[in-house]
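Here is a short briefing for someone meeting this model for the first time. Look over the sequence and the structure, then read the points by topic.

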Amino acid sequence: MNRQDIDQILAEVGALACKTQKEVEEARVRLLGKKGSITALFEAFRTVDKDQKKELGRPLNELKQAAIARIEELKASAVDDGADGASAEDLTMPGDRNELGSRHPVSIVRQQIVDIFRKFGYDVAEGPEIEDDYHVFEALNFPPNHPARDMQDTFFVSSGHINPILLRTHTSSVQVRTMEKSQLPIRVICPGRVFRNEAISARAHCIFHQVEGLYIDENVTFADLKQALLLFAREMFGPDTQIRMRPSYFPFTEPSTEVDVSCNICHGKGCNICKGTGWLEILGAGMVDPNVLEASGIDSKKYSGFAFGMGLERIAMLKWQVNDLRHYFENDLRFLKEFETAPEV
Ligand code: DAH
């Protein structure tokens with residue numbers, strides 16, 4: 001070997017041009033592989049005499065370094081290629097799709113209810129899920145040991161002392177918190193999660209959602225309650241919806257009523273959803289009991305008000321004819337995807 005051999009390969013390295021990774025790899029093998037030209041020079045170098053070793057050693061090493069650097073450089077700029085030498089990136093392939101989530105039916109219904117009552121001038125209020133006995137029962141006119149407490153089978157967090165801590169069984173507790181801290185008049189709706197010690201079945205669950213409504217001012221009457229609920233029902237279930245009020249009992253309202261809407265599936269004729277009655281029960285309501293107003297420091301001689309409460313899962317079931325409450329909690333995508341384009345009412 002001689003200097004000329006080195007310079008010749010150096011020129012080749014300098015002029016090296018590769019478009020694809022495959023070409024870069026071929027060039028690397030040709031120069032630096034086991035049988036490559038630079039490797040061959042190193043082989044030959046072993047047998048040259050001492051003087052030549054001095055003269056050629058350094059340029060030979062520099063050649064090798066230059067070849068390695070050039071190959072790296074080309075590697076960085078060459079395109080990927082498949083086994084056949086064609087580009088591995090097929091730009092005509094469809095892109096990866098990002099799966100978009102959709103809103104849960106209970107959230108959709110909650111938002112609709114909030115929007116409807118916002119239009120009527122109601123504010124939204126929230127309260128704690130872990131509550132005390134006072135706000136869930138006592139201040140709502142459920143005396144200790146009153147049988148009405150049995151209507152709501154309660155999860156206690158701690159018991160045995162004066163004011164046990166528990167998971168709220170209804171959002172009516174937020175009524176109390178609102179009355180305690182707000183200035184009159186009050187007009188709020190309170191959406192939230194509630195808990196009851198119920199065996200899980202198609203019709204009952206231990207966790208569900210309610211929306212509570214409360215309106216307190218001077219001269220609020222039962223007629224105002226009826227009108228508010230009629231307007232709500234028509235916004236929610238359609239303009240032809242009728243409502244019907246049946247007498248009922250809740251400790252915190254007097255008089256109390258349960259409210260039905262005309263069945264929006266059979267339009268009152270009777271079907272299996274309304275069990276042939278033409279009516280669907282949607283909420284409980286009534287005039288706030290004076291004891292409840294007084295417990296929160298509101299003068300019941302001057303002020304009156306109404307309240308109502310409804311279960312969101314129930315409203316969503318009626319709206320979309322869901323026949324099993326458990327679907328709401330199982331997160332089965334086949335169920336949830338049905339609400340991706342939930343129809344607006
Ligand atoms: N809190 C009641 C329940 O969970 C629902 C209810 C009934 C709320 C009547 C009210 C009302 O505000 O006036 O069963």
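**Helix 4 and its cover**

Helix 1 (3-15), helix 2 (21-32) and helix 3 (37-45) are among what covers the buried residues of helix 4. Contact here means heavy atoms within 4.5 Å. Helices (H or I, at least four residues) and strands (E, at least two) are DSSP runs, numbered from the N terminus. This is a predicted model: local features need pLDDT of at least 70, side-chain atom pairs count only at pLDDT 80 or more, and totals for chains, interfaces and linings use all residues. Residues are numbered from 1 along each chain as its sequence is written, and side-chain values use heavy atoms, with hydrogens and water left out.

- The buried residues of helix 4 include Leu56, Pro59, Leu63 and Leu74. Buried means under 20% relative accessible area, exposed over 50%, and partly exposed in between (1.4 Å probe, protein chains only).
- Helix 4 has a kink of about 40° at Leu56, shortly before the proline Pro59. The bend at a residue is the angle between axes fitted to the seven residues ending there and the seven starting there.

- Three strands form an open sheet in the order 2-4-3, with antiparallel pairing. Two strands pair if DSSP finds at least two bridges between them.
- Its edge strands are strand 2 (130-132) and strand 3 (156-158), each pairing on one side only.
- Strand 2 is joined to strand 4 (residues 165-167) by three bridges. Ile130 stands opposite Leu167 in strand 4.

- A second open sheet has seven strands in the order 1-5-6-10-9-8-7, and its pairing is mixed.
- Strand 1 (123-124) and strand 7 (243-250) are the edge strands.
- Seven bridges join strand 7 to strand 8 (residues 253-262), and the two run antiparallel. Phe250 has Thr253 in strand 8 as its bridge partner.

**Aromatic residues**

- The structure holds 13 aromatic pairs. Rings of Phe, Tyr and Trp (its six-membered ring) pair if their centres lie within 6.5 Å; planes under 30 degrees apart count as stacked, over 60 as edge-to-face and the rest as tilted.
- Phe117 and Phe120 make an edge-to-face pair, 5.5 Å centre to centre with 85° between the planes.
- Phe117 counts as buried because its relative accessibility is 0%. Phe120 has 24%, so Phe120 counts as partly exposed.
- One aromatic cluster includes Phe117, Phe120, Tyr122 and Tyr215.
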